Amino acid sequence: MTLALLGMQFMLCAALIAGAGYVLCQSADAIARATGLTGGWMGLALLATVTSLPELASGISAVTVMDAPNLAVGNALGACVFNLVFLVVIDALQRREPIYCRASTAHLLSAAFGVVMLGFVAMSLLLPERAPGLLHLGLYSPALLALYLLALRSVFAHEQALRPPRDAQADPDPAPAMTREWRRFGLAAVVVVTAGSWLPSLADQLALVMGWSRSFVGTLFMALVTTLPEIAVTLSALRLRALDMAIGNLLGSNLFNVAILAIDDIFYVRGPLLADASPVHAGTAVAAVVMTGLVMVGLVMRPQGRELRVLSWVSVGLLATYLLNAALVFLHGGA
């Protein structure tokens, strides 16, 4: 297959995922209002889960159809890095002041859980042979799923504790309206999953045509396309001036992306998934840890100024870490 045809198919996937992601944002927002969820929780749990469906579909397809563990691991961890570097774009769009000046400190909890989960993945990638397993699963898989569920529960309890009493009751929408929103939500999710399942095959063919490693393609190209729903939802939240919803969506997507590795491990029957993945992915996991740490520093220190009147110093650090990781994966990506 020619490079031009592959490029056209990638663009089609991108268009489908971006459009369906925008519909998901609208429907999820209506459903959240009806159930009385806060903006931060909606971004962290509801929107983050549904916009990460391409990563889930792509990961399962990569380990079952393509037998490409590097593609699956690179996609999940690469999506984490893309979500964090997109905070740089948000920071640049907020012209009056850095985003960390107005963002809620409640994001610190979800970011902290992200650091723990990513660090756990990095250790598992660096010590695959010594890590014990259970059947064909690595023991990191149940640990990651447990940490993800604990993160959702902890952040929900924290959000409820910070919630003003006057917001305790939601304004329920009529049943027909809710039924319509759930229908739109389901149809958009089907489009996202279908387009996401198409991506691993395209990425694998692109790697063959260009002579690139699957680690590099999964970490950069496929991760970029599968994060389009997060980008669409984040930009929609910014248009609504819901900054916390936008940040919560990106940080929540990272939690789900790491949990996807555990789900991929279930479908990868040859053995523990991370044991067959290239150690270079540990560098991507560490880069995501460093970037998440920078976000946490920004949420605490609240930087006021901008470098060259464009970005805060936190965003400069995020961009530099991303570029360093991209160069590492490109030069040492392996197979």
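Start by selecting helix 4 (69–93) and helix 10 (residues 243–267), whose axes come within 9 Å and cross at roughly 170 degrees. The model you are viewing is predicted: local features need pLDDT of at least 70, side-chain atom pairs count only at pLDDT 80 or more, and totals for chains, interfaces and linings use all residues. Residues are numbered from 1 along each chain as its sequence is written, and side-chain values use heavy atoms, with hydrogens and water left out.

Helices here are DSSP runs (H or I, at least four residues), numbered from the N terminus. Axes are lines fitted to C-alpha atoms over the stretch in contact, with angles from 0 to 180 degrees between N-to-C directions. Helix 4 and helix 10 are therefore roughly antiparallel (an angle over 145 degrees).

Next, show the side chains where the two helices touch. Contact means heavy atoms within 4.5 Å. On helix 4, pick residues including Ala-72, Leu-77, Asn-83 and Phe-86; on helix 10, their partners include Leu-243, Asn-254, Val-258 and Asp-264. By class, this contact has 16 nonpolar, four polar and one charged residues (nonpolar: Ala, Val, Leu, Ile, Met, Phe, Trp, Tyr, Cys and Pro; charged: Asp, Glu, Lys and Arg; polar: the others, Gly among them).

Now move to the loop between helix 3 (53–64) and helix 4, and select Asp-67. Its phi is near 50 degrees, a positive value in a residue other than glycine. Is Asp-67 buried, exposed or partly exposed? Asp-67 is partly exposed, at 33% relative accessibility (buried is under 20% relative accessible area, exposed over 50%, partly exposed in between; 1.4 Å probe, protein chains only).

Last stop: Arg-302, in the loop between helix 11 (280–301) and helix 12 (313–332). Arg-302 is not a glycine, yet has a positive phi of about 55 degrees. At 22% relative accessibility, Arg-302 counts as partly exposed.

Conventions: Angles under 35 degrees count as roughly parallel, over 145 as roughly antiparallel, 65 to 115 as roughly perpendicular and the rest as oblique.
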